[in-house]
Amino acid sequence: MSPRQPEGEPLPGAGELPAQVRATSSGTEEETLRERPFSVYLHVPYCRVRCGYCDFNTYTNLAMGGGASASDYVDTLADELRLARAAMDRAGLPGRAARTVFVGGGTPTMLPAGDLARTLTLVRDTWGLADGAEVTTEANPETVDERYLAALAQAGFTRVSFGMQSSVPHVLRTLDRTHTPERVPQVVAWARGVGLETSLDLIYGTPGESLEDWRRSLDAAVEIGPDHLSAYALVIEEGTRMWTQVRRGELPLPTDDDEAAKYELADAVLGRAGYEWYEISNWARPGHPCLHNQAYWRDWDWWGAGPGAHSHLGEVRLWNTKHPVAWAGQVAAGRLPVAGHEAVDAPARELERVMLGIRMREGLGLSSLARPGEETTPSGTPRRLVPVVGDFVAKGLLDGAAALAGRAVLTLRGRLMADTVTRALTD
(Lines give C-alpha, C1' and ligand atoms only; values in the text may rest on other atoms or scores of the structure.)
Protein backbone atom coordinates (compact mmCIF):
# COMPACT_ATOMS: atom_id res chain seq x y z
CA MET A 1 0.00 0.00 0.00
CA SER A 2 1.49 3.27 -1.05
CA PRO A 3 2.05 5.71 1.81
CA ARG A 4 1.40 8.71 -0.40
CA GLN A 5 -1.91 10.51 -0.10
CA PRO A 6 -3.07 11.57 -3.58
CA GLU A 7 -5.73 14.16 -4.08
CA GLY A 8 -9.28 12.79 -4.25
CA GLU A 9 -12.91 13.37 -3.48
CA PRO A 10 -14.10 13.24 0.13
CA LEU A 11 -16.54 10.54 1.13
CA PRO A 12 -20.24 11.39 0.71
CA GLY A 13 -20.71 10.90 4.46
CA ALA A 14 -18.65 9.95 7.46
CA GLY A 15 -19.81 6.36 7.36
CA GLU A 16 -20.76 5.89 3.70
CA LEU A 17 -18.90 4.59 0.69
CA PRO A 18 -18.93 6.48 -2.63
CA ALA A 19 -21.93 5.89 -4.87
CA GLN A 20 -19.69 4.30 -7.52
CA VAL A 21 -19.08 1.22 -5.34
CA ARG A 22 -22.71 0.63 -4.45
CA ALA A 23 -24.27 -2.48 -5.88
CA THR A 24 -27.53 -2.24 -7.79
CA SER A 25 -30.47 -4.50 -7.16
CA SER A 26 -29.72 -6.34 -10.41
CA GLY A 27 -29.33 -10.05 -9.79
CA THR A 28 -26.70 -10.28 -12.53
CA GLU A 29 -24.52 -7.59 -10.98
CA GLU A 30 -25.01 -9.05 -7.52
CA GLU A 31 -23.76 -12.41 -8.77
CA THR A 32 -20.78 -10.78 -10.49
CA LEU A 33 -19.81 -9.03 -7.27
CA ARG A 34 -20.11 -12.24 -5.28
CA GLU A 35 -17.75 -13.97 -7.71
CA ARG A 36 -15.17 -11.17 -7.54
CA PRO A 37 -12.47 -12.31 -5.09
CA PHE A 38 -11.94 -10.29 -1.93
CA SER A 39 -8.78 -9.73 0.15
CA VAL A 40 -7.85 -7.79 3.28
CA TYR A 41 -4.72 -5.78 3.98
CA LEU A 42 -3.90 -4.66 7.54
CA HIS A 43 -1.25 -1.99 8.05
CA VAL A 44 0.84 -1.96 11.22
CA PRO A 45 2.89 1.26 11.17
CA TYR A 46 5.49 0.59 13.87
CA CYS A 47 9.21 -0.02 13.34
CA ARG A 48 12.13 -0.33 15.71
CA VAL A 49 14.29 1.76 13.37
CA ARG A 50 13.28 3.73 10.30
CA CYS A 51 15.54 2.59 7.47
CA GLY A 52 17.22 5.32 5.44
CA TYR A 53 15.67 4.20 2.15
CA CYS A 54 12.13 3.75 3.49
CA ASP A 55 9.31 6.09 2.51
CA PHE A 56 6.50 3.85 3.79
CA ASN A 57 4.06 5.10 6.41
CA THR A 58 6.04 3.96 9.46
CA TYR A 59 6.81 5.34 12.93
CA THR A 60 9.29 4.47 15.65
CA ASN A 61 7.13 6.03 18.38
CA LEU A 62 5.09 3.16 19.85
CA ALA A 63 3.32 5.36 22.41
CA MET A 64 1.56 8.06 20.37
CA GLY A 65 -1.60 7.94 22.46
CA GLY A 66 -5.17 8.56 21.37
CA GLY A 67 -5.77 4.99 20.24
CA ALA A 68 -2.66 5.08 18.03
CA SER A 69 -0.20 3.46 20.43
CA ALA A 70 0.99 -0.07 19.84
CA SER A 71 -0.64 -1.13 23.10
CA ASP A 72 -4.18 -0.26 21.92
CA TYR A 73 -3.65 -0.38 18.17
CA VAL A 74 -5.59 -3.59 17.61
CA ASP A 75 -8.61 -2.17 19.48
CA THR A 76 -8.70 0.76 17.06
CA LEU A 77 -8.22 -1.57 14.11
CA ALA A 78 -11.19 -3.63 15.33
CA ASP A 79 -13.36 -0.51 15.35
CA GLU A 80 -12.28 0.40 11.81
CA LEU A 81 -13.14 -3.06 10.51
CA ARG A 82 -16.62 -2.85 12.07
CA LEU A 83 -17.14 0.54 10.40
CA ALA A 84 -15.92 -0.80 7.08
CA ARG A 85 -18.18 -3.85 7.10
CA ALA A 86 -21.19 -1.74 8.08
CA ALA A 87 -20.48 0.72 5.26
CA MET A 88 -20.10 -2.11 2.74
CA ASP A 89 -23.40 -3.62 3.89
CA ARG A 90 -25.20 -0.27 3.55
CA ALA A 91 -23.73 0.12 0.09
CA GLY A 92 -25.26 -3.19 -0.92
CA LEU A 93 -21.97 -4.98 -1.46
CA PRO A 94 -22.35 -8.73 -1.00
CA GLY A 95 -20.58 -10.37 1.90
CA ARG A 96 -17.49 -12.21 0.74
CA ALA A 97 -15.03 -14.23 2.79
CA ALA A 98 -11.43 -13.09 2.46
CA ARG A 99 -9.33 -15.34 0.23
CA THR A 100 -6.12 -13.71 1.39
CA VAL A 101 -5.06 -11.60 4.36
CA PHE A 102 -1.77 -9.71 4.44
CA VAL A 103 -0.47 -7.92 7.52
CA GLY A 104 2.20 -5.44 6.42
CA GLY A 105 3.96 -2.37 7.63
CA GLY A 106 6.06 -1.16 9.15
CA THR A 107 6.98 -4.24 11.13
CA PRO A 108 3.82 -6.10 12.20
CA THR A 109 5.87 -8.30 14.51
CA MET A 110 6.58 -5.28 16.68
CA LEU A 111 3.19 -6.20 18.17
CA PRO A 112 2.99 -9.05 20.68
CA ALA A 113 2.13 -12.39 19.08
CA GLY A 114 -1.27 -12.38 20.79
CA ASP A 115 -2.16 -9.00 19.28
CA LEU A 116 -1.08 -10.08 15.82
CA ALA A 117 -3.12 -13.27 16.19
CA ARG A 118 -6.11 -11.15 17.20
CA THR A 119 -5.95 -9.22 13.91
CA LEU A 120 -6.75 -12.46 12.11
CA THR A 121 -9.62 -13.14 14.48
CA LEU A 122 -10.97 -9.68 13.61
CA VAL A 123 -10.93 -10.43 9.90
CA ARG A 124 -12.56 -13.80 10.49
CA ASP A 125 -15.30 -12.19 12.59
CA THR A 126 -15.83 -9.30 10.16
CA TRP A 127 -15.86 -11.00 6.75
CA GLY A 128 -14.97 -14.62 7.32
CA LEU A 129 -12.05 -16.53 5.84
CA ALA A 130 -12.43 -18.62 2.71
CA ASP A 131 -11.45 -22.27 2.89
CA GLY A 132 -7.72 -22.53 2.37
CA ALA A 133 -7.21 -18.78 2.77
CA GLU A 134 -3.63 -17.55 2.54
CA VAL A 135 -2.70 -15.48 5.62
CA THR A 136 0.67 -13.69 5.60
CA THR A 137 2.52 -11.38 7.92
CA GLU A 138 5.71 -9.49 7.23
CA ALA A 139 8.42 -9.82 9.86
CA ASN A 140 11.82 -8.44 10.71
CA PRO A 141 14.11 -11.39 11.56
CA GLU A 142 15.10 -9.77 14.88
CA THR A 143 11.52 -9.40 16.13
CA VAL A 144 10.45 -13.06 16.26
CA ASP A 145 11.50 -16.27 17.92
CA GLU A 146 10.29 -19.85 17.69
CA ARG A 147 7.55 -19.36 20.28
CA TYR A 148 6.27 -16.23 18.52
CA LEU A 149 6.07 -18.02 15.16
CA ALA A 150 4.34 -21.02 16.73
CA ALA A 151 1.68 -18.70 18.15
CA LEU A 152 1.05 -17.25 14.67
CA ALA A 153 0.71 -20.70 13.14
CA GLN A 154 -1.69 -21.76 15.88
CA ALA A 155 -3.80 -18.63 15.25
CA GLY A 156 -4.21 -19.50 11.57
CA PHE A 157 -1.40 -17.67 9.81
CA THR A 158 -0.10 -19.74 6.92
CA ARG A 159 2.87 -17.72 5.71
CA VAL A 160 5.55 -15.30 6.91
CA SER A 161 7.61 -12.94 4.75
CA PHE A 162 10.98 -11.99 6.23
CA GLY A 163 12.84 -8.83 5.24
CA MET A 164 16.27 -10.28 4.47
CA GLN A 165 17.33 -7.58 1.95
CA SER A 166 20.98 -8.76 1.84
CA SER A 167 23.42 -11.18 3.45
CA VAL A 168 26.35 -8.78 3.19
CA PRO A 169 27.05 -6.79 6.39
CA HIS A 170 28.15 -3.54 4.73
CA VAL A 171 25.03 -3.55 2.51
CA LEU A 172 22.79 -4.11 5.54
CA ARG A 173 24.51 -1.19 7.29
CA THR A 174 23.89 1.09 4.31
CA LEU A 175 20.23 0.07 4.39
CA ASP A 176 20.06 0.62 8.19
CA ARG A 177 18.88 -2.94 8.70
CA THR A 178 19.19 -4.14 12.30
CA HIS A 179 19.42 -7.92 11.81
CA THR A 180 22.57 -9.96 11.24
CA PRO A 181 22.92 -12.31 8.23
CA GLU A 182 23.05 -15.32 10.57
CA ARG A 183 19.59 -14.59 11.93
CA VAL A 184 17.72 -15.20 8.67
CA PRO A 185 18.32 -18.96 8.26
CA GLN A 186 17.47 -19.39 11.92
CA VAL A 187 14.05 -17.74 11.71
CA VAL A 188 13.21 -19.49 8.44
CA ALA A 189 13.99 -22.83 10.06
CA TRP A 190 11.78 -21.94 13.03
CA ALA A 191 8.93 -20.89 10.74
CA ARG A 192 9.25 -24.04 8.68
CA GLY A 193 9.31 -26.12 11.86
CA VAL A 194 5.88 -24.83 12.96
CA GLY A 195 4.34 -25.32 9.53
CA LEU A 196 4.51 -21.82 8.06
CA GLU A 197 5.40 -21.18 4.44
CA THR A 198 8.27 -18.74 4.10
CA SER A 199 9.27 -15.91 1.82
CA LEU A 200 12.36 -13.71 1.73
CA ASP A 201 12.48 -10.13 0.43
CA LEU A 202 15.73 -9.07 -1.20
CA ILE A 203 16.85 -5.64 -2.42
CA TYR A 204 19.44 -5.07 -5.14
CA GLY A 205 21.11 -1.84 -6.24
CA THR A 206 22.04 -0.56 -2.78
CA PRO A 207 24.73 2.14 -3.07
CA GLY A 208 28.11 0.45 -2.76
CA GLU A 209 26.78 -3.06 -3.46
CA SER A 210 28.95 -4.91 -6.00
CA LEU A 211 27.75 -7.63 -8.35
CA GLU A 212 29.66 -10.11 -6.20
CA ASP A 213 27.89 -8.80 -3.07
CA TRP A 214 24.57 -9.44 -4.78
CA ARG A 215 25.65 -12.92 -5.82
CA ARG A 216 26.52 -13.67 -2.19
CA SER A 217 23.04 -12.61 -1.11
CA LEU A 218 21.38 -14.74 -3.78
CA ASP A 219 23.48 -17.77 -2.92
CA ALA A 220 22.69 -17.30 0.77
CA ALA A 221 18.96 -17.04 0.06
CA VAL A 222 19.02 -20.18 -2.08
CA GLU A 223 20.88 -22.06 0.65
CA ILE A 224 18.24 -21.02 3.19
CA GLY A 225 15.63 -22.47 0.82
CA PRO A 226 12.40 -20.46 1.37
CA ASP A 227 9.25 -21.28 -0.59
CA HIS A 228 9.17 -17.84 -2.19
CA LEU A 229 11.56 -15.00 -2.99
CA SER A 230 10.99 -11.39 -3.99
CA ALA A 231 13.80 -9.27 -5.42
CA TYR A 232 13.24 -5.54 -5.82
CA ALA A 233 15.48 -2.87 -7.29
CA LEU A 234 16.12 -0.20 -4.68
CA VAL A 235 14.21 2.98 -5.42
CA ILE A 236 15.69 5.98 -3.64
CA GLU A 237 12.65 8.11 -2.93
CA GLU A 238 12.83 11.86 -2.59
CA GLY A 239 12.71 12.97 1.03
CA THR A 240 14.30 9.86 2.51
CA ARG A 241 17.58 9.99 4.40
CA MET A 242 19.27 7.96 1.66
CA TRP A 243 18.06 10.44 -0.99
CA THR A 244 19.75 13.22 0.99
CA GLN A 245 22.96 11.18 1.25
CA VAL A 246 22.99 10.60 -2.51
CA ARG A 247 22.37 14.30 -3.21
CA ARG A 248 25.28 15.22 -0.96
CA GLY A 249 27.57 12.77 -2.75
CA GLU A 250 27.92 10.61 0.35
CA LEU A 251 26.51 7.57 -1.46
CA PRO A 252 26.77 6.66 -5.16
CA LEU A 253 23.58 6.53 -7.22
CA PRO A 254 22.93 3.06 -8.67
CA THR A 255 22.91 2.89 -12.49
CA ASP A 256 20.32 1.26 -14.74
CA ASP A 257 22.97 -1.05 -16.20
CA ASP A 258 24.03 -2.19 -12.73
CA GLU A 259 20.46 -2.98 -11.74
CA ALA A 260 19.79 -4.79 -15.04
CA ALA A 261 22.87 -6.98 -14.53
CA LYS A 262 21.76 -7.81 -10.99
CA TYR A 263 18.23 -8.68 -12.14
CA GLU A 264 19.62 -11.03 -14.80
CA LEU A 265 21.88 -12.63 -12.21
CA ALA A 266 18.92 -13.12 -9.85
CA ASP A 267 16.88 -14.83 -12.54
CA ALA A 268 19.79 -17.13 -13.42
CA VAL A 269 20.66 -18.09 -9.84
CA LEU A 270 17.08 -18.59 -8.73
CA GLY A 271 16.13 -20.46 -11.89
CA ARG A 272 18.99 -22.94 -11.43
CA ALA A 273 17.83 -23.48 -7.85
CA GLY A 274 14.33 -24.48 -8.95
CA TYR A 275 12.49 -21.19 -8.44
CA GLU A 276 10.15 -20.08 -11.23
CA TRP A 277 9.44 -16.43 -11.90
CA TYR A 278 5.69 -15.79 -11.91
CA GLU A 279 5.81 -11.99 -11.82
CA ILE A 280 8.70 -9.71 -12.74
CA SER A 281 9.96 -9.29 -9.17
CA ASN A 282 8.80 -12.60 -7.71
CA TRP A 283 9.98 -16.21 -7.86
CA ALA A 284 8.56 -19.27 -6.13
CA ARG A 285 8.97 -22.99 -5.89
CA PRO A 286 6.27 -24.73 -7.97
CA GLY A 287 2.93 -24.38 -6.21
CA HIS A 288 4.04 -21.60 -3.85
CA PRO A 289 3.34 -18.21 -5.44
CA CYS A 290 1.95 -15.49 -3.17
CA LEU A 291 -1.80 -15.37 -3.78
CA HIS A 292 -2.15 -11.99 -2.09
CA ASN A 293 0.31 -10.44 -4.53
CA GLN A 294 -1.83 -11.76 -7.35
CA ALA A 295 -4.90 -10.12 -5.83
CA TYR A 296 -3.34 -6.77 -6.75
CA TRP A 297 -2.16 -7.83 -10.20
CA ARG A 298 -5.45 -9.57 -11.13
CA ASP A 299 -7.75 -6.74 -10.07
CA TRP A 300 -9.44 -8.31 -7.06
CA ASP A 301 -11.29 -6.21 -4.51
CA TRP A 302 -9.64 -5.58 -1.18
CA TRP A 303 -10.12 -3.53 1.96
CA GLY A 304 -7.06 -1.90 3.49
CA ALA A 305 -7.29 -1.03 7.19
CA GLY A 306 -4.92 1.03 9.28
CA PRO A 307 -3.30 4.45 8.80
CA GLY A 308 -2.46 5.17 5.17
CA ALA A 309 -3.86 1.87 3.89
CA HIS A 310 -5.46 1.77 0.44
CA SER A 311 -8.63 -0.07 -0.60
CA HIS A 312 -9.97 -1.11 -3.98
CA LEU A 313 -13.66 -1.78 -4.59
CA GLY A 314 -14.79 -2.17 -8.17
CA GLU A 315 -13.71 0.91 -10.07
CA VAL A 316 -13.00 2.97 -6.95
CA ARG A 317 -9.83 3.39 -4.93
CA LEU A 318 -9.88 4.76 -1.40
CA TRP A 319 -7.04 5.71 0.95
CA ASN A 320 -7.00 6.17 4.68
CA THR A 321 -5.80 9.12 6.71
CA LYS A 322 -2.05 8.76 6.98
CA HIS A 323 -1.02 9.75 10.51
CA PRO A 324 -1.93 7.16 13.15
CA VAL A 325 -3.25 9.70 15.67
CA ALA A 326 -5.54 11.38 13.13
CA TRP A 327 -6.62 7.96 11.84
CA ALA A 328 -7.45 6.75 15.35
CA GLY A 329 -9.34 9.95 16.13
CA GLN A 330 -11.63 9.50 13.15
CA VAL A 331 -12.30 5.89 14.07
CA ALA A 332 -13.06 6.85 17.67
CA ALA A 333 -15.59 9.39 16.36
CA GLY A 334 -17.37 6.62 14.44
CA ARG A 335 -16.12 7.76 11.03
CA LEU A 336 -14.53 5.72 8.32
CA PRO A 337 -10.94 7.03 8.33
CA VAL A 338 -10.89 7.49 4.55
CA ALA A 339 -9.05 10.63 3.47
CA GLY A 340 -10.17 10.50 -0.16
CA HIS A 341 -11.19 8.38 -3.11
CA GLU A 342 -11.08 8.33 -6.88
CA ALA A 343 -13.06 6.53 -9.56
CA VAL A 344 -10.75 5.05 -12.19
CA ASP A 345 -11.99 5.77 -15.71
CA ALA A 346 -12.01 3.23 -18.52
CA PRO A 347 -8.77 4.31 -20.25
CA ALA A 348 -6.84 4.24 -16.98
CA ARG A 349 -8.24 0.83 -16.08
CA GLU A 350 -7.25 -0.54 -19.48
CA LEU A 351 -3.72 0.81 -19.16
CA GLU A 352 -3.43 -0.72 -15.71
CA ARG A 353 -4.82 -4.06 -16.91
CA VAL A 354 -2.17 -4.28 -19.61
CA MET A 355 0.63 -3.00 -17.36
CA LEU A 356 -0.12 -5.58 -14.65
CA GLY A 357 -0.99 -8.43 -16.98
CA ILE A 358 2.23 -8.14 -18.95
CA ARG A 359 4.24 -8.53 -15.73
CA MET A 360 2.89 -12.05 -15.19
CA ARG A 361 4.57 -15.21 -16.45
CA GLU A 362 1.57 -16.19 -18.58
CA GLY A 363 1.53 -12.74 -20.14
CA LEU A 364 -1.45 -11.13 -21.83
CA GLY A 365 -3.88 -12.40 -24.43
CA LEU A 366 -3.49 -10.07 -27.43
CA SER A 367 -7.13 -10.58 -28.39
CA SER A 368 -8.05 -8.60 -25.25
CA LEU A 369 -6.50 -5.52 -26.92
CA ALA A 370 -8.86 -5.62 -29.92
CA ARG A 371 -11.18 -2.67 -30.33
CA PRO A 372 -14.85 -3.14 -31.26
CA GLY A 373 -15.10 -4.23 -34.89
CA GLU A 374 -11.32 -4.36 -35.33
CA GLU A 375 -9.82 -6.92 -37.70
CA THR A 376 -7.71 -9.60 -36.01
CA THR A 377 -5.44 -12.44 -37.06
CA PRO A 378 -6.57 -16.09 -36.65
CA SER A 379 -4.83 -16.12 -33.25
CA GLY A 380 -6.80 -13.04 -32.18
CA THR A 381 -4.05 -10.41 -32.45
CA PRO A 382 -5.38 -7.03 -33.65
CA ARG A 383 -3.98 -6.34 -37.14
CA ARG A 384 -2.73 -2.91 -36.07
CA LEU A 385 -0.51 -4.56 -33.43
CA VAL A 386 1.05 -7.17 -35.69
CA PRO A 387 4.00 -4.91 -36.67
CA VAL A 388 4.51 -3.87 -33.03
CA VAL A 389 4.50 -7.44 -31.76
CA GLY A 390 6.76 -8.56 -34.61
CA ASP A 391 9.25 -5.81 -33.79
CA PHE A 392 9.34 -6.81 -30.13
CA VAL A 393 9.86 -10.46 -31.06
CA ALA A 394 12.75 -9.46 -33.37
CA LYS A 395 14.30 -7.39 -30.57
CA GLY A 396 14.02 -10.25 -28.11
CA LEU A 397 11.47 -8.58 -25.84
CA LEU A 398 8.53 -10.93 -26.51
CA ASP A 399 8.50 -14.70 -26.84
CA GLY A 400 8.01 -15.61 -30.51
CA ALA A 401 6.10 -18.87 -30.01
CA ALA A 402 3.72 -17.23 -27.57
CA ALA A 403 3.17 -14.31 -29.98
CA LEU A 404 2.20 -16.72 -32.77
CA ALA A 405 -0.33 -18.22 -30.36
CA GLY A 406 -1.78 -14.77 -29.62
CA ARG A 407 -0.12 -13.97 -26.30
CA ALA A 408 2.33 -11.25 -25.29
CA VAL A 409 4.82 -13.00 -22.99
CA LEU A 410 7.94 -11.15 -21.89
CA THR A 411 11.38 -12.64 -22.35
CA LEU A 412 14.09 -12.02 -19.76
CA ARG A 413 15.18 -8.95 -21.71
CA GLY A 414 11.57 -7.92 -22.07
CA ARG A 415 11.08 -7.97 -18.33
CA LEU A 416 13.70 -5.25 -18.09
CA MET A 417 11.71 -3.14 -20.58
CA ALA A 418 8.15 -3.96 -19.51
CA ASP A 419 7.10 -0.31 -19.46
CA THR A 420 8.21 0.12 -23.08
CA VAL A 421 6.15 -2.90 -24.13
CA THR A 422 3.11 -1.68 -22.20
CA ARG A 423 3.20 1.77 -23.82
CA ALA A 424 3.46 0.32 -27.32
CA LEU A 425 0.57 -2.09 -26.80
CA THR A 426 -1.72 0.60 -25.44
CA ASP A 427 -0.97 3.48 -27.83
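**Notebook: salt bridges and the domain contact**

I started with K262, which forms a salt bridge with E209, the closest N and O atoms being 3.1 Å apart. K262 is in helix α9 and E209 in the loop between β5 and α7, so the pair ties together parts that are 53 residues apart in sequence. I then looked up accessibility for both partners. K262 counts as buried, at 0% relative accessibility. E209 counts as buried too, at 6%. I note here that the model is a predicted one.

Next I asked how many salt bridges the structure holds. The count is 20.

I looked at E350 and R353, whose side chains meet in a salt bridge at 2.8 Å, N to O. Both sit in helix α12 (residues 346–357); being three residues apart there, they are separated by about one helical turn. E350 is partly exposed, with a relative accessible area of 31%. For R353 I also read 31%, again partly exposed.

R383 is partly exposed at 41% relative accessibility, whereas E375 is exposed at 54%. The cut-off for exposed is over 50% relative accessible area, so E375 passes it.

I also found a network of salt bridges that links R36, R96, D299, D301 and R349.

**Domains**

I checked the domain assignment, which gives domain 1 as 19–343 and domain 2 as 346–426. The contact between them takes 21 residues from domain 1 and 12 residues from domain 2. I read a distance of 30 Å between the C-alpha centres of the two domains.

The size of an interface is often given as the accessible area lost when the parts come together. For domain 1 and domain 2 I have about 1600 Å² buried between them, 53% of it on carbon and sulfur atoms. Which residues of domain 1 lose the most area to domain 2? They are W277, I280 and W297, together 38% of what that side buries.

I turned to charges across this interface and noted five salt bridges. R317 and E352 form a salt bridge, with the closest N and O atoms 2.4 Å apart. Across the interface of domain 1 and domain 2 I also have 10 residue pairs in polar contact. On the side of domain 1 that touches domain 2, α9 (256–272), β7 (276–279) and α10 (291–297) each supply at least two residues. By class, I sorted that side into eight nonpolar, four polar and nine charged residues.

**Single residues**

Is S199 buried or exposed? I found S199 buried, with a relative accessible area of 1%. S199 is in strand β5 (residues 197–204). Its side chain is joined to that of H228 by a polar contact of 2.8 Å. Beyond its neighbours up to four places away in sequence, S199 touches R159, V160, S161, F162, P226, H228 and L229.

V386 is in helix α13 (residues 386–394) and counts as partly exposed at 36% relative accessibility. Leaving aside neighbours within four places in sequence, I have V386 in contact with T377 and T381. From V386 to L122, 264 residues apart along the chain, the C-alpha atoms are separated by 51 Å.

Last, I looked up E212 in helix α7 (residues 211–224). E212 is partly exposed, with a relative accessible area of 47%. E212 and S311 are 99 residues apart in sequence and 40 Å apart in space, C-alpha to C-alpha.

Notes
Residues are numbered from 1 along each chain as its sequence is written. This is a predicted model: local features need pLDDT of at least 70, side-chain atom pairs count only at pLDDT 80 or more; totals for chains, interfaces and linings use all residues. Side-chain values use heavy atoms; hydrogens and water are left out. Domain bounds come from an automatic or database domain assignment. Contact means heavy atoms within 4.5 Å. Buried area is the accessible area (1.4 Å probe) that two parts lose on being put together, summed over both. A salt bridge is a side-chain nitrogen of Lys or Arg within 4 Å of a carboxyl oxygen of Asp or Glu. A polar contact is a pair of N or O atoms within 3.5 Å; within protein, one must be able to donate a hydrogen and the other to accept it, and residues adjacent in sequence count only if both atoms are side-chain atoms. Helices (H or I, at least four residues) and strands (E, at least two) are DSSP runs, numbered from the N terminus. Ala, Val, Leu, Ile, Met, Phe, Trp, Tyr, Cys and Pro count as nonpolar, Asp, Glu, Lys and Arg as charged, and the others, Gly among them, as polar. Buried means under 20% relative accessible area, exposed over 50%, partly exposed in between (1.4 Å probe, protein chains only).
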